[in-house]
Amino acid sequence: MRVLKFGGTSLADAERFYGVADIVIRSSLEEQVALVLSAPAKITNLLIDLVNLSVSGEDTRTVSDSITLIFNSIITGLKDRVIGLDDASINGFMADQFSLIRHMTDGIRLLGQCPDNIQALILSRGEALSIYIMTKLLEARGQKVEQIDATKCLLAEGDYLESTVNIEESAKRIAALKLARNSICLMPGFCGTNSKGDIVLLGRNGSDYSAACLAACVKAKSCEIWTDVDGVYSCDPRIVSDAILINRVSYKEAMELSYFGAKVLHPRTIAPIARFKIPCRIKNSLNPNHPGTLIAETGDESMAVKGISDLTGISLINICGPGMKGMVGLAGRIFSCVSRAGVSIVLITQSSSEYSISFCIHSTDREKCIDALENEFELEIREGLLDNIEIRNDMAIISVVGDGMKKTRGIAAKFFKAIAQTNINVAAIAQGSSERSISAVVIASKARNAVKSCHQSFFNSTQFIDLIIVGVGGVGGALINQIRRQQNVLRQQGIGLRVVGLANSRKMYLNCDGIDLENWDSELEKQQTGFDFAMVQQKIMDSFLINPAIVDCTSDPRIASMYVDFLSAGFHVITPNKKANTSTMAYYRDLRRAALKTRRKFLYETNVGAGLPVIENLQNLIKAGDKLVAFSGILSGSLSYIFGKLDEGMKFSEATLNARAKGFTEPDPRDDLNGMDVARKLLILAREAGMKLELDDVSVEKALPPGFDDSGDTETFLTNLPKADAWFEERFQEAKEAGKVLRYVATINDGKCRVAVEAVDDNNPLYKVKDGENALAFITNYYQPIPLVLRGYGAGTEVTAAGVFADILRTLNWKQEV
């Protein structure tokens, strides 16, 4: 015999009822089938609402109407589809059940309370109706049906609302029914009977447990749990969209997964099938041909880790105090006291110093647990041997489970690293001696982020980077186009690059599912508000995105002043904007402290040299113990172009206008000629080399004649610019006679920074640098007398955007094992 159980979503409407009947009939052609059914979706919750409203004396008509509507819709839909369906009998049975429920709720309303035995009777009516409807449906389709009345045959022990089945006695009762071998057997889930003959429940979602117990009682060949997903996944697919379907798990793995919150299985389901070694398969009633997941004696040995689960609604209790060490029997008293209070302990951990014991319970039990502990240890607390009992609510347990963990090194390290990388503190940890699972207790609001991060670490799934790009003009626009072109290529490499936010000075567009980069500009224009970080932060939190990054492609000092806030909130920051790194030295340090504290990355490679690998190379030299002795460089692509044109005989004013026309300079060339952009870049290099300088410490000589009048608007300035030609011509000729050329050079010597027009000879690595190139010559303890030279194009939106793109990809170093 095969036992098939179908949950509420599989019975939600007439079409699904009919689909279940199809599956059962096909299965019965292979061997005898016993069918266990839940109530249709929503019915049990509605019945609970009905009881609660009756207790409080409130109107129950809306709830009653909702229950009636669901069943009437199922019956009507089946009547239209199945010829010969005895709907009159079904409606009569339904009327009897509703009459019973009304009678009971009337009594509850009068009493103002609901005894557990009455609640058990009412809540089990959904399953009773499911069985009756399915019986008539199968009979109308020519099947022989027999019912197993769980309220008489499944003997259970315990509370009325959560009992445990006595397999041996129940097996005897079912055997006494002498079921025909050619019949389809039907049994309601969720309920059983006690020794008094009263109806009891097997706990919420207990129909899985009913099916497992029935399979054990009849020594079934297999048990199948039919639900609305294809099987057991590596984690909840509602949290991680690319969760992996697991083909096979062991009984012990399934037990751990279900115990720590896996939603497909009821925690007690595994015990009966494991005890009698009955294979169990999890299948999808909406996709019946899919093989699903097999639960058997052994799991898939090729996978060390099978799944990551999360259990919410947890409270963490900590008992500590100076008198604990050496206090014999204290742990026994704690757990005996909690047990007498009827509280189940989920997880236990104890410090090696014996100074404290921590354990987790379901939050619904917290008040009676604390009361019991305070009464038990009243004397010890009063005498100061124990501190006041601590409780932390709104916690969750994240667990990684797998039989192969015992044979695989580094699982624990990988687990805790993944949690740490999302900036989540672990409140407690636990690992069983079987090494089949490791658990961490975290704040419940961070549980989803922890699950996502752990899943990425263990299952090599897509590594997501979620970008908010601020500034969508030149560099920002080029970056968006580069991302659009590369998204599919990166996806094939396991990198999911999503732009979830775009903003300019007037508008902001957020979409945490990912913005369509084909028409982003039109969508942005439809928005009503500008950049609002509080709104961005809330949206990211609500969407549980674990690797968000803000990309600042503006030159706005206001945005740069918010970088510490961005980092502190858990965002990476990537920027070509130099304003933050050239603000005060105090802010420069604050940025690095915030990045270190939150384990986020602050990346700014394009601050100097655009796409050239300047910052990273300098940082690596310093980390390797090198020290900067001297530096000289051309750090402005626009000034490189202008001074290169002087070599070709072009006048300074003509060269400047030519550079402006080709986009090398800013719209107002004074922004380049005043030397401040180069000064900022030089200051950044100096600070990276360990020099504690402010921007005012950099000596700046403009790329203009001394005393030149550069006042007025842009057009006035450009009209006056030819007046500078004579001075530059004179300087150029002097340099030429000495075998030199003019360049705008940034230097660091003896701890001093300077930017100025200089004449350099052909032995200088800057001699041939022109046409928009940058060149940087570092003399260090390791690189001398021949300097380390980096040379290449250091300007242009495409090159800068490419450098920003490379920095974005570097954020994955926090997320992915190499």
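Helix α27 is mostly covered, with eleven of its 13 residues buried. The structure is a predicted model. The buried set in α27 includes the charged-type side chains Arg-680, Lys-681, Arg-687 and Glu-688, together with Val-678, Ala-679, Leu-682, Leu-683, Ile-684, Leu-685 and Ala-686.

The helix runs over residues 676-688. From the first C-alpha to the last, α27 reaches 18 Å, close to the 18 Å expected at 1.5 Å a residue. After the helix comes Gly-690, which has a positive phi, near 100 degrees.

The chain as a whole contains 30 helices and 30 strands. Its radius of gyration is 36 Å, well over the 28 Å given by the globule rule for 818 residues, so the chain is more spread out than a compact globule. The C-alpha trace spans about 115 × 75 × 55 Å along its principal axes.

Further values for the chain are tabulated here.

| Quantity for the chain | Value |
|---|---|
| Buried share of the 818 residues | 53% |
| Share joining residues at least 24 apart, among contacts between residues at least 6 apart in sequence | 72% |
| Accessible surface | about 35700 Å² |
| Share of the accessible surface belonging to carbon and sulfur atoms | 48% |
| Distance between the mean positions of positive and negative charges | 4 Å |

How values were computed
Residues are numbered from 1 along each chain as its sequence is written. This is a predicted model: local features need pLDDT of at least 70, side-chain atom pairs count only at pLDDT 80 or more; totals for chains, interfaces and linings use all residues. Side-chain values use heavy atoms; hydrogens and water are left out. Helices (H or I, at least four residues) and strands (E, at least two) are DSSP runs, numbered from the N terminus. The expected span of a helix is 1.5 Å times one less than its number of residues. Buried means under 20% relative accessible area, exposed over 50%, partly exposed in between (1.4 Å probe, protein chains only). The radius of gyration is taken over C-alpha atoms; the globule rule is 2.2 Å times the number of residues to the power 0.38. Contact means heavy atoms within 4.5 Å. Accessible areas come from the Shrake-Rupley method with a 1.4 Å probe; for residues, only the protein chains shown count as cover. The place of a charge is taken as NZ of Lys, CZ of Arg, CG of Asp or CD of Glu.
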